[in-house]
Amino acid sequence: MNSPGRRPPARPPLRIGVLGDSFPAPSDDGIRQGRELGHLLGTRGYSILYQPHASSLKQVLAESAARSGAHVTGFLPVEPGNREGPPTRHGELLFVVRDADQARRMLRRQSDAFLVLPGGLETLGDAFQLISLVASGRDDRPVVLMETAPAGDLLREALRRLVDDEVRHHRYRLVHLAGTPAEALRLLESEPVSGLAAVSSRPGDLRRY
């Protein structure tokens with residue numbers, strides 16, 4: 001039986017890869033939106049995959065999502081020889097990996113869709129790498145970018161240039177800009193799951209990568 005106030009997903013639960021970094025520091029409004037979006041994703045019973053980072057917006061979102069019922073998996077890069085990592089929170093499943101590149105590979109392999117939160121140059125680099133894969137036809141998973149300032153201004157202008165004609169619009173049809181948590185959720189749910197993500201996200205399977 002479903003718990004009161006919890007709407008079951010009308011589709012297989014999404015595994016959402018969340019990208020973002022801790023610079024610049026999230027604003028109060030960004031933190032509020034991160035908590036709201038995390039709550040929305042958690043109440044849908046979706047899974048969150050991310051790279052833990054203190055003081056980042058993705059950490060705020062992941063913790064809020066976990067408190068609201070999401071399955072949260074973190075991929076934590078550490079220095080060689082250090083296999084401990086920070087304590088898990090709210091039932092988070094934590095995998096300690098050798099470096100940030102391995103964390104990115106694992107996150108991308110296991111995700112059905114991607115949510116890019118506002119951040120700095122590292123976030124922009126990750127975002128445009130995903131966008132280029134979609135545009136070239138090598139990936140057909142949706143990419144939703146939250147356009148909260150300051151990164152939102154850069155993303156909005158860049159994407160406006162990319163979709164300025166019909167041909168390009170078709171190529172970038174899976175790339176979306178969202179201005180609110182509710183819009184981000186709607187866009188994530190508007191695309192079918194492509195099946196490109198790994199079939200299983202059980203711990204035994206994840207550790208093979």
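This is a predicted model: local features need pLDDT of at least 70, side-chain atom pairs count only at pLDDT 80 or more; totals for chains, interfaces and linings use all residues.
**Stop one: helix α1**

Select residues 28-43, which make up helix α1, and look along the helix from one end to the other. Helix α1 has 16 residues and reaches 23 Å from its first C-alpha to its last, close to the 22 Å expected at 1.5 Å a residue.

Now show the side chains of Asp29 and Arg32, which meet in a salt bridge with a distance of 2.7 Å from N to O. Because Arg32 and Asp29 are 3 residues apart in helix α1, about one helical turn separates them.

**Stop three: the buried residues of α1**

Next, select Gly30, Gln33, Gly34, Leu37, Gly38, Leu40, Leu41, Gly42 and Thr43, which are buried in α1. If you then show their surroundings, you will find that the buried residues of α1 pack against β1, β2, α2, β5, β6 and α7; to locate some of these partners, select residues 15-19 for β1, 57-67 for α2, 113-116 for β5 and 143-146 for β6.

**Stop four: just past the end of α1**

Move on to Gly45, which comes just after α1 and takes a positive phi of about 75°. Then select Arg44 and Glu189, which form a salt bridge whose closest N and O atoms are 3.1 Å apart. Arg44 lies in the loop between α1 and β2, whereas Glu189 lies in helix α7 (residues 181-189), so the pair ties together parts that are 145 residues apart in sequence. Arg44 is buried, with a relative accessible area of 13%, while Glu189 is partly exposed, with a relative accessible area of 23%; the two fall into separate classes because buried means under 20% relative accessible area.

**Last stop: a network**

Which residues are linked in a network of salt bridges? Select Asp101, Arg104, Arg108, Glu122 and Asp126 together, and trace the salt bridges that link these residues in a network.

Technical notes:
Residues are numbered from 1 along each chain as its sequence is written. Side-chain values use heavy atoms; hydrogens and water are left out. A salt bridge is a side-chain nitrogen of Lys or Arg within 4 Å of a carboxyl oxygen of Asp or Glu. Helices (H or I, at least four residues) and strands (E, at least two) are DSSP runs, numbered from the N terminus. Buried means under 20% relative accessible area, exposed over 50%, partly exposed in between (1.4 Å probe, protein chains only). The expected span of a helix is 1.5 Å times one less than its number of residues. Contact means heavy atoms within 4.5 Å.
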